[in-house]
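Here are some notes for a colleague who is meeting this structure for the first time. Please read the points beside the sequence and the model.

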Amino acid sequence: RAGGRRQEVLSLLLPPGGQEAGGRRYYLFHYHQAGRSKRRYASMASLTLEEYVYEPSEDTYLLMDALDKDRERLGECKRGITMEIGSGSGVVSKHLIDLLPHPVLHFATDLNPSAAKATRALADKQANIVEVVQCDLCLPLCRQLEHAVDVLLFNPPYVVTDTDEVEQDVAARSWAGGVEGMEVTTRALNLLPSLLSKEGLAYFVVLEENDPRGIAKVLGPKGIKTTAMLSRRQGDEHLIILRFQWKKAFKDQLPS
């Protein structure tokens, strides 16, 4: 499966007939064998487009697999407003837009200006309206998009680190999650009840060390149901995709 994702991402990021174009550096792929199954996984040998853009990796592919798995469910979201927080290279945003059967207004946000540029480059190839916003999480958009987001995606920095690393350079911010790897994720989770539409769905990448059950316990009283829908081990990491949606009792109180 990862090999197919490799080809998909490669086709988006590599220019035709070469590894460089316009003075920009693009992803180079190499392979390594993973365990006895000899499954092939794609990893990146260099940065793309601009320095300090998070490279698509196993967490990226797992999130894309989760969206594929929920294709039918995603197609039922009618409002037509979608968002990815921390869009990085933009490949997950593009994948979501391509999956949906109807036009959407898509917001892609990233604190990193180089990531915003990379996402913008892919967005220019889309027929849908894509608004790329350089900002912290999606804070400038929260008021305008209250209970309006049908699909929300976030592959946050989840690696357990010291708090200081969360505020370091742009590169560190793409992976450093702070205490329990949850400092950035917790801030985003707190926004869910104000952003999700009545039928809205949110998909977050977490590690087992981030305590998915604890996340569910915190969000439950706020009316949010948590489902662990996909998981994958990659080296020492146990990656999990959590899907969030309104519980029926709370959903019925929201505007249509």
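**Notes on the model**

1. The sulfur of C142 lies 4.0 Å from the closest cysteine sulfur, which belongs to C138, and this is too far for a bond, a disulfide being defined here as a pair of cysteine sulfur atoms within 2.5 Å. C142 is buried at 14% relative accessibility, where buried means under 20% relative accessible area, exposed over 50%, and partly exposed in between, computed with a 1.4 Å probe on protein chains only.

2. C135 is also to be read against C138, since the sulfur of C138 is the closest cysteine sulfur to that of C135, at 6.7 Å, again too far for a bond. C135 is buried, with a relative accessible area of 7%. A search of the whole structure accordingly lists 0 disulfides.

3. This is a predicted model, in which local features need a pLDDT of at least 70 and side-chain atom pairs count only at pLDDT 80 or more, while totals for chains, interfaces and linings use all residues. Residues are numbered from 1 along each chain as its sequence is written, and side-chain values use heavy atoms, with hydrogens and water left out.

4. The protein chain averages a pLDDT of 78, and 75% of the residues score at least 70, pLDDT being the predictor's confidence in each residue, from 0 to 100. Over residues 14-50 the pLDDT is below 50, and this stretch has 83 contacts in the model beyond near neighbours in sequence, a contact meaning heavy atoms within 4.5 Å.

5. Helix α5 covers residues 113-123, and its buried residues are S114, A115, A116, A118, T119, L122 and A123; helices (H or I, at least four residues) and strands (E, at least two) are DSSP runs, numbered from the N terminus. At the start of α5, a side-chain oxygen of N112 comes to within 2.9 Å of the backbone nitrogen of S114.

6. V160 sits in the loop between β8 (149-154) and α6 (163-166), and with 48% relative accessibility V160 is partly exposed. Leaving aside residues up to four places away in sequence, V160 touches G178, E180 and G181. The C-alpha atoms of V160 and M182 are 7.7 Å apart, although 22 residues separate the two along the chain.

7. Strands β10 (residues 224-234) and β11 (residues 237-246) run antiparallel and are joined by 10 bridges, where pairing requires that DSSP finds at least two bridges between two strands. Q234 stands opposite E237 in β11. The two strands β10 and β11 form a hairpin with 2 residues between them, and G235 in the turn has a positive phi of about 65 degrees.

Methods. Polar contact = N/O pair within 3.5 Å; in protein donor to acceptor, adjacent residues only side chain to side chain.
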